[in-house]
Number of protein chains: 2
Amino acid sequence: VSICATNTINPIRRIVDTLNIPDTSNNDKKLIPLSIGDPTTFGNLKPLQVLLDRIATLVLDQRVHGYQNSTGIPSAKLAIAKQQSARVNRTVTAEDVIITSGCSGALEIAIRAMASAGENILVPAPGFSIYQTIALSNGIEVKFYPLLPERQWEVDIEAMNALVDSKTRAIIVNNPSNPCGSVYSAEHLKKIADAAFDHKLPIIADEIYGNLVFSGHEFHSLAKITSRVPIVHVGGIAKEFLVPGFRVGWIVSHDVPEGALVEVRKGMVNLSQVIIGATSLVQAALPCILTPESETDRIAVETFHSETRSTLEKNGLFLVRRLMTIPGIAVTQPQGAMYILIGTGSMNDKDFSQRLLDEELVFVLPGSCFGIENYVRLVFCAPQTILEDACNRIESFCRRHFK
Amino acid sequence: VSICATNTINPIRRIVDTLNIPDTSNNDKKLIPLSIGDPTTFGNLKPLQVLLDRIATLVLDQRVHGYQNSTGIPSAKLAIAKQQSARVNRTVTAEDVIITSGCSGALEIAIRAMASAGENILVPAPGFSIYQTIALSNGIEVKFYPLLPERQWEVDIEAMNALVDSKTRAIIVNNPSNPCGSVYSAEHLKKIADAAFDHKLPIIADEIYGNLVFSGHEFHSLAKITSRVPIVHVGGIAKEFLVPGFRVGWIVSHDVPEGALVEVRKGMVNLSQVIIGATSLVQAALPCILTPESETDRIAVETFHSETRSTLEKNGLFLVRRLMTIPGIAVTQPQGAMYILIGTGSMNDKDFSQRLLDEELVFVLPGSCFGIENYVRLVFCAPQTILEDACNRIESFCRRHFK
């Protein structure tokens, strides 16, 4: 077996595999899985019908069943460019876009293009584990910059600065954040961009949750905040359109006038030619959901987004209000995405997850999966009745264990 | 830019990009593209309606829109295992299967799991360029073993033996072959397997064209031929089902009793967790086309396969008969797949391709794209009227250039 395969470690899998999932077959109580960031788990969040209808038409139409350009179908690239242009207030062209096998595929291409074995990238802690998995798979080192729970999970800029060395090649910024549920202000993003500028480092902006932001908060794409730092934006339809199984994501490059990304862009095109991953059926449907032409479709898309956001926001608020009354745990307020981190106080996160699973059949992921101990992550996509049941069980659990 | 991205070279792209594609907008003569191995180019080869209907149903059904297991949807893995069991006459289980982002994704995972940077793999010349692209991308060396045109592109076993060194980790065998259109006999495959056994090397069997074999020839999966050599089979639906844009392929591991692949299999599972590539929509449709349950579907699938094979066979035969009458070029007989290699005699392959394109607007790929000079590759998926037109143009071309 190769070194690469041996080093390809998914921390979530590694930790989850050590957890003991109880057998519930003889139990009246059902398992409540608040563990996986999959909005389709409970069936309450419905995908956009316009998207499904379009794919069904494309399947039967037989016009996109052949090989596509390795960087993506031109009309789909154009739609992504238009959407991104609107989000960043500057012109993005189809040439700036590469369509990939999900957002993970986008991250894999971006990271592999920007850093070589022996070099390093900066990633957030707590943060999504795929950054580390991809880096280690390619012999790239990861250095974790801390996010501050007492400041709504903002970046500890000084600590980040201290990590940069001569082998640092990029900073990954995830906003809105998995697992924190945080949404950064324009001011904070400006500070991150300034730090990257000072170090002459590009930013990989993982903005897959970009549209999932709650009232009182606004999503700012990093490429809107700065034009003097090279930004490689990665995104996709998995979360915003509630279809993680479809596996279509993208890279959008925002270079600086000096052309710092010229070679990286060529490198990313090279890498896009290896597996040509995203299925043509979903790619070809992107224009109708990202840049709908008919008024009906436009309204359908807007309504869909606002309903999704509203459901998630209500769920998040409900969870916070309910959990705040429970002794022993510390609740942080979600501002977007579909996650909330809860401090587990005197119990460590792995024990908390395992015992909560054993005793109350509520499945939450230990923060260790995301590089932070003494927190657990809850996904709040479930219907409120289920979330309420989960909260009641967590309360029973905490009342037993925390005095 | 990283070393990896710089070294990720697609030889087809690199060579094709140096060709000058003539502007045909003011020309009555149309370009005939016999260059890309895409059966959907001309619209004459229709995909299987059962497959399309099933995907359309799955899209609207909303039951498979969420994240799937990184190695694939269980029912789809089972269908692949059943089909493979029948082809190799031994029991294959769903545990032996990993579903991937196309057959390229399967090759990427298999090659990355079996060889580390600085080690090497043996690949055929002429052969499909993706093996080299994936290897170089990961710092793995490729050593080319020659195929013999005078023996219907069989492997030069002695030359292959001579290439093996202490850093060789696997042999890639492609049967039926792209670009040769050859189909190996059981006897020849036995010789290849024996050589691998002697060197204690596993084989990556690229059998993506497995079902596309013409009368008088029989496809033997390598895992049927030998049970004493570890075989990692890769395949997919792109060619057999005429849907290359859908991007669903697979790996099937056939280990030896000693368990030579135990660690490689774990490594491949690790690698499958990085991008979780194949779209759920197509994965979930695999059972109905690989192991159809209803008699109607079973007949539809069989009829589809036999019609596809028959069309390709007729096209291949037509091309051979017609091209054999043309002076200056040497025709080799296709036995399967959708390709034919033609010796370009006194003209080198790149000149032949470029001039044929300039003068006659027939686009064929130079053999250099596949590691062989003085041959060009023709794809014979086009309708016969178009193939006839192409042959007439090739004849004019040859009569001018070869005396």
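User: Why is B:Lys200 called exposed?

Analyst: In this predicted model, B:Lys200 has a relative accessible area of 73%. Exposed means over 50%, so B:Lys200 counts as exposed.

User: Where is B:Lys200 in chain B, and what is its phi?

Analyst: B:Lys200 lies in the loop between helix 8 and strand 7 (203-206) of chain B. Its phi is positive, about 55°, although B:Lys200 is not a glycine. Most residues other than glycine have a negative phi.

User: What makes B:Asn89 exposed rather than buried?

Analyst: The relative accessibility of B:Asn89 is 63%. The cut-off for exposed is over 50%, and B:Asn89 is therefore classed as exposed. The loop that holds B:Asn89 runs between helix 4 (74-88) and strand 2 (97-100) of chain B. Phi of B:Asn89 is near 55°, a positive value in a residue other than glycine.

User: Is B:Gly127 buried or exposed, and how do you know?

Analyst: B:Gly127 has 5% relative accessibility. Buried means under 20%, so B:Gly127 counts as buried. Its place is in the loop between strand 3 (120-125) and helix 6 (130-137) of chain B.

User: What is B:Gly127 in contact with, beyond its neighbours within four places in sequence?

Analyst: Those contacts are B:Asn178, B:Pro179 and B:Phe370.

User: How does the span of helix 3 of chain A compare with the expected one?

Analyst: Helix 3 (residues 49-61) of chain A has 13 residues and reaches 18 Å from its first C-alpha to its last. That is close to the 18 Å expected at 1.5 Å a residue. A:Gln62 follows helix 3 of chain A and has a positive phi, near 65°.

User: Which residues of helix 3 of chain A are buried, and what do they pack against?

Analyst: The buried residues are A:Val50, A:Leu51, A:Leu52, A:Ile55, A:Ala56, A:Leu58 and A:Val59. Within chain A they pack against helix 11 (280-283), helix 12 (286-290) and helix 13 (295-324). In chain B their partners are helix 3 (49-61) and helix 11 (280-283).

User: Which residues are joined by a cis peptide bond, and what is omega?

Analyst: A cis bond joins A:Ala125 and A:Pro126, with omega about 5°. Another joins B:Asn175 and B:Pro176, where omega is about -15°. A:Pro126 lies in the loop between strand 3 (120-125) and helix 6 of chain A. B:Pro176 is in the loop between strand 6 (168-174) and helix 8 (186-198) of chain B. Most peptide bonds are trans.

User: What are the confidence scores of the model?

Analyst: Chain A averages a pLDDT of 96, and 100% of its residues score at least 70. The model scores ipTM 0.95 and pTM 0.96.

Terms used. Residues numbered from 1 in each chain as written. Chains lettered and ligands numbered in written order. Predicted model: local features only at pLDDT ≥ 70, side-chain atom pairs only at ≥ 80, totals over all residues. Heavy atoms only, no water. pLDDT = per-residue confidence, 0-100. Helix = DSSP H or I, 4+ residues; strand = E, 2+ residues; numbered from the N terminus. Expected span 1.5 Å × (residues − 1). Buried < 20%, exposed > 50% of the residue type's maximum accessible area, 1.4 Å probe, protein only. Contact = heavy atoms within 4.5 Å.
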